[in-house]
Amino acid sequence: MDREIAALERFDAWNGRKDFARFHIEQAMGFRTHLEDSKTTAGTPLGKSTMRSILATLREFVLWLSQQDGFRSRIKAADADYFNLSRRDEAEARAAPPRPAPSLKQAKHALARMPSTTPQQKRDKAVFALLCLTGIRVAALVSLKIKHVDLHEQSVTQNPREVATKFGKAIDTFFAKGFEEAEAALTEWIAYCDDIVLYGPDDPLFPATAITANSNSGFTANGFTRQHWKTTEPVRKIVRIAFEAAGVPNYGPHAFRHMLARHAAKHCTSVAELVATSQNLGHTDVLTTLRSYGQISRDEQRRLITGNTSDLD
């Protein structure tokens with residue numbers, strides 16, 4: 001909503017606050033040219049995807065306005081089309097940018113280096129482990145309850161009534177094979193919750209850290225609050241610290257989804273296996289997995305097409 005309001009304000013300010021009843025297609029074309037000449041705060045030209053987003057808001061607004069009393073005779077629905085990018089710019093805006101992701105070896109290396117001595121360290125390692133195993137979206141991860149994880153079945157049930165899934169979809173996710181240490185870390189954490197702090201099935205899988213005031217040292221961590229994290233920032237911090245400690249670039253929590261999808265695209269031996277991976281990530285269409293997550297590097301593309309495995313000259 002904030003982005004859409006900002007887009008409307010940007011047009012309104014550029015247009016001199018003219019009454020929308022006086023709208024003309026020349027304003028749309030002029031504004032599009034204005035965006036092409038605009039710069040970001042860093043002094044670089046606006047990205048095509050940013051321009052596309054701004055123009056899409058204006059297009060939808062003008063289309064809506066053309067159907068309102070007092071504007072029907074002044075604005076035609078077709079006028080909204082003048083807020084489109086050129087075909088070339090539209091293609092550039094839609095082009096998926098390269099999305100870096102760790103390799104399985106990098107993720108396993110970072111996980112192996114994470115300490116698990118204190119309760120907080122056990123929890124943090126379990127967070128990283130679950131990302132390795134499932135590639136679960138971070139918003140869903142922070143809203144999980146203990147009952148949503150079945151270690152025997154090696155599954156996570158993302159019930160949209162209780163878990164913050166994308167578009168409110170019900171998602172059944174199973175642990176990726178080859179991550180035995182991740183399963184061990186998750187098992188150790190759940191055993192701690194069950195046996196030591198006596199958490200129940202409806203308690204958060206990853207409770208927030210309790211902070212207490214200390215007269216000598218300020219605020220210190222003191223156990224857990226038995227409440228879910230309110231934001232996803234703690235998870236991002238856990239991932240960042242883990243990768244930094246392992247000497248691996250910080251890829252962010254969402255990169256685990258790309259990691260698992262690319263691994264599947266490279267090693268799947270059947271269409272059914274690829275579809276299962278897509279469902280595991282919560283995608284309705286397997287093409288979403290392939291288009292958005294299964295990008296192949298230039299060198300891999302060359303190898304697959306030419307069959308040449310030698311190094312480039």
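**A tour of the helices and the sheet**

Select Gln158 and then Ile171 in strand S3: the two are bridge partners. This is a predicted model, in which local features need pLDDT of at least 70 and side-chain atom pairs count only at pLDDT 80 or more, while totals for chains, interfaces and linings use all residues. Residues are numbered from 1 along each chain as its sequence is written, and side-chain values use heavy atoms, with hydrogens and water left out.

**The sheet**

Now select strand S2, residues 155-158; four bridges join S2 to S3, and the two run antiparallel. Strands pair here if DSSP finds at least two bridges between them.

**The whole chain**

Zoom out to the protein chain, which has 13 helices and five strands. Helices are DSSP runs of H or I with at least four residues, strands are runs of E with at least two, and both are numbered from the N terminus. The C-alpha trace spans about 70 × 65 × 40 Å along its principal axes.

**Helices H2 and H3**

Two packed helices are described by the angle between their axes and the distance between the axes. Select H2 (residues 25-37) and H3 (residues 48-65): their axes come within 11 Å and cross at roughly 160 degrees. Axes are lines fitted to C-alpha atoms, for helices over the stretch in contact, and angles run from 0 to 180 degrees between N-to-C directions. H2 and H3 are therefore roughly antiparallel to each other. Angles over 145 degrees count as roughly antiparallel, under 35 as roughly parallel, 65 to 115 as roughly perpendicular and the rest as oblique.

Show the side chains of Phe31, Arg32, Leu35 and Glu36 in H2, and of Met51, Ile54, Leu55 and Leu58 in H3; these residues make the contact. Contact means heavy atoms within 4.5 Å.

**Helices H1 and H3**

Which residues make the contact? From H1, select Glu4, Ala7, Leu8, Arg10 and Phe11; from H3, select Ile54, Thr57, Leu58 and Phe61.
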